Amino acid sequence: MRTSLFVLVLGVAVAGALGAVAANFVVGNRLFERTVVPDPYEAGLRYDEERKKAARPDCALSAGPCRQQLDGATVTLEVTPRPVRAMTDLVFTVTARRGEAPAAETAGEISLAMPGMYMGDNRVPLAARGGGVFQGKGLVVRCPSGRRTWTAEVTLRGAGAAPPLRARFTFELAE
Ligand SMILES: [Cu+2]
């Protein structure tokens with residue numbers, strides 16, 4: 001008699017606890033989905049895809065300038081001296097056009113990073129030289145891992161509230 005009462009009480013307690021956990025889980029899940037991303041699985045796939053794309057060099061900067069076609073604009077990046085090496089003073093020249101006209105952006109920067117590896121913050125400020133040409137000086141550090149793949153993300157900003165022009169180039173440093 002006492003044993004069965006104990007089992008009953010225990011059963012109710014366990015069911016209550018499980019119910020609370022389940023409720024928490026459901027509420028937590030909903031909150032998580034709503035506040036973070038609408039579809040974590042899709043977002044994860046997209047992130048992986050972007051990382052893979054970023055990790056593959058798409059620009060032979062040591063051979064010459066690279067050009068990228070964005071919506072309504074063309075952004076060209078040239079880095080000298082060539083071949084482009086680590087731990088060397090480099091000049092970064094960006095040319096931006098909208099159709100035949102030089103882009104009206106007034107300043108910008110290049111963010112240098114290694115795909116999938118934090119190498120510290122490395123930004124090259126770009127000054128407008130007129131005619132859609134922007135220039136800045138910088139340096140790419142040598143990676144202790146021996147990897148030489150970097151991305152140069154160019155951002156150009158205008159005076160107004162228009163969204164900045166962004167172009168990402170992935171390149172391989174010369175040895
Ligand atoms: Cu690295």
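Author: Buried residues make up 19% of the 175 residues in this chain. A residue is buried if 20 or more other C-beta atoms lie within 10 Å of its own, exposed if 12 or fewer, and partly exposed in between, with the C-beta atoms placed from the backbone. Residues are numbered from 1 along each chain, as its sequence is written. This is a predicted model, so local features need pLDDT of at least 70, side-chain atom pairs count only at pLDDT 80 or more, and totals for chains, interfaces and linings use all residues.

The chain has two helices and nine strands. Helices (H or I, at least four residues) and strands (E, at least two) are DSSP runs, numbered from the N terminus. Along the sequence the pattern is α-α-β-β-β-β-β-β-β-β-β.

Now the core. The largest nonpolar core has 28 residues. Such a core is a set of buried Ala, Val, Leu, Ile, Met, Phe, Trp, Tyr and Cys residues joined through C-beta atoms within 7 Å. Leu77, Val94, Ala152 and Val154 have the most contacts inside the largest core. Two or more of its residues come from each of strand 2, strand 3 (90-98), strand 5, strand 6, strand 8 (149-157) and strand 9 (165-172).

Start with leucine 77. Two residues are in contact if their C-beta atoms, placed from the backbone, lie within 7 Å. Not counting residues up to four places away in sequence, leucine 77 touches Pro65, Cys66, Val94, Ala152, Val154 and Phe169.

Next comes threonine 76. It lies in strand 2 (residues 73-80). Threonine 76 counts as partly exposed because it has 18 C-beta neighbours inside 10 Å. Leaving aside neighbours within four places in sequence, it is in contact with Pro65, Cys66, Arg67, Val94 and Thr95. Arginine 97 is 21 residues from threonine 76 along the chain, and their C-alpha atoms are separated by 8.8 Å. For the chain, take contacts between residues at least 6 apart in sequence: 58% of them join residues at least 24 apart.

Strand 8 has two faces. Trp150, Ala152, Val154 and Leu156 make up the covered one. Thr149, Thr151, Glu153, Thr155 and Arg157 make up the uncovered one. Strand 8 also pairs with other strands. Two strands pair if DSSP finds at least two bridges between them. Strand 5 and strand 8 pair in the antiparallel sense over seven bridges. There, alanine 113 stands opposite threonine 151. Strand 8 and strand 9 are antiparallel too, with eight bridges. Threonine 155 stands opposite arginine 166 in strand 9.

Follow strand 5 the other way. Strand 5 (residues 107-113) and strand 6 (residues 123-130) form an antiparallel pair over five bridges. Isoleucine 110 faces valine 124 in strand 6. Aspartate 121 sits in the loop between strand 5 and strand 6. It counts as exposed because it has 8 C-beta neighbours inside 10 Å. Aspartate 121 and serine 111 are 10 residues apart in sequence and 7.8 Å apart in space, C-alpha to C-alpha.

Strand 6 then meets strand 7 (residues 133-138). Three bridges join these antiparallel strands. Alanine 128 stands opposite phenylalanine 134 in strand 7. Strand 6 and strand 7 form a hairpin with two residues between them. Glycine 131, in the turn, has a positive phi of about 65°.

Now look at the loop between strand 2 and strand 3. Most residues other than glycine have a negative phi, and most peptide bonds are trans. Proline 81 is in this loop, and the peptide bond from threonine 80 to proline 81 is cis, with omega near 0°. Proline 83 is in this loop too. The bond from arginine 82 to proline 83 is cis, with omega near -5°. Methionine 87 is also found here. It is not a glycine, yet it has a positive phi of about 55°. Methionine 87 counts as exposed because it has 10 C-beta neighbours inside 10 Å.

Last, confidence. pLDDT is the predictor's confidence in each residue, from 0 to 100. The chain's mean pLDDT is 83, and 74% of its residues reach 70 or more. Over residues 5-12 the pLDDT is below 50, and beyond near neighbours in sequence this stretch has zero contacts in the model. Residues 21-34 stay under 50 as well, with one contact beyond four places in sequence. Where pLDDT is low, the predicted coordinates should not be read in detail.
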